[in-house]
Amino acid sequence: MTMQIDESRFFEDGYLILRQVVPPDQLASLRLTAELRVDRCKARSAARRDPDGPRGGDWYAGAQPRVNVDEVVDAETADVVDFLLGPTVRGVSAQILGAPECTITSMQILCSGLIDHGHTDWHRDSSASEQAPLRGLQDDLMANRPGYVQWNIALYDDDVFWVVPQSHDRPTDEAQRQQLLLDPKAKLNGGIPVELAAGDGIVYPNVIMHWGSYYS
């Protein structure tokens, strides 16, 4: 059954936090699937390592190693694909997009790096040079619904991800811009942590300002 959501809250705040996106009885299985895929990516990285590359290959040097699910999926680990295409993730996305025929464009597992790279920059996942000016993207989102949404789903308790509420419909203000010029990797005025318990998720449009505060 598709999870019912408050669409008005999504368009007002720019995101929704949904509890127990992963049902408790599926959490252990999805964690195991994630670990199996991580092991496969580590093995592929080591096998493809250049002689002068980092030990273990690029996986071990990355700040945010990512599993591209489509590259390592098989029958043993297909349960995560079934979950993402199910009534919760795909079903909620279809409600927000107003597009029952929507599908998934990317499936990744984001892992903590093995080398401490610290904080990431505050950013929006949009590009004026490749898509459109920010204000145009924001106006289109509010008038016509987003054409695309992103999810972060926690398999373990996670408070790393931050957002600036309502920044999906606002430009970066002058005070924030000055903060970013001084240090784009520090807490930003108006930003809040997204506190996800294991199994919770957040769904948001790519134009919202967000931050991966610290990956240890």
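Residues are numbered from 1 along each chain as its sequence is written. In this predicted model, local features need pLDDT of at least 70 and side-chain atom pairs count only at pLDDT 80 or more, whereas totals for chains, interfaces and linings use all residues.

**The sheet**

Strands of a sheet pair through backbone hydrogen bonds, either parallel or antiparallel. Here, three strands form an open sheet in the order β1-β7-β4, with antiparallel pairing; two strands pair if DSSP finds at least two bridges between them. Helices (H or I, at least four residues) and strands (E, at least two) are DSSP runs, numbered from the N terminus. The table gives the residues of the strands.

| Strand | Residues |
|---|---|
| β1 | 16-18 |
| β4 | 150-153 |
| β7 | 201-204 |

The edge strands, β1 and β4, each pair on one side only. β1 is joined to β7 by three bridges, and Leu16 stands opposite Val203 in β7.

**A buried residue**

Asp13 belongs to helix α1 (residues 7-13). Asp13 is buried, with a relative accessible area of 15%; buried means under 20%, exposed over 50% and partly exposed in between (1.4 Å probe, protein chains only). Leaving aside residues up to four places away in sequence, Asp13 touches Pro165, Gln166, His168 and Ile208, where contact means heavy atoms within 4.5 Å.

Key. Heavy atoms only, no water.
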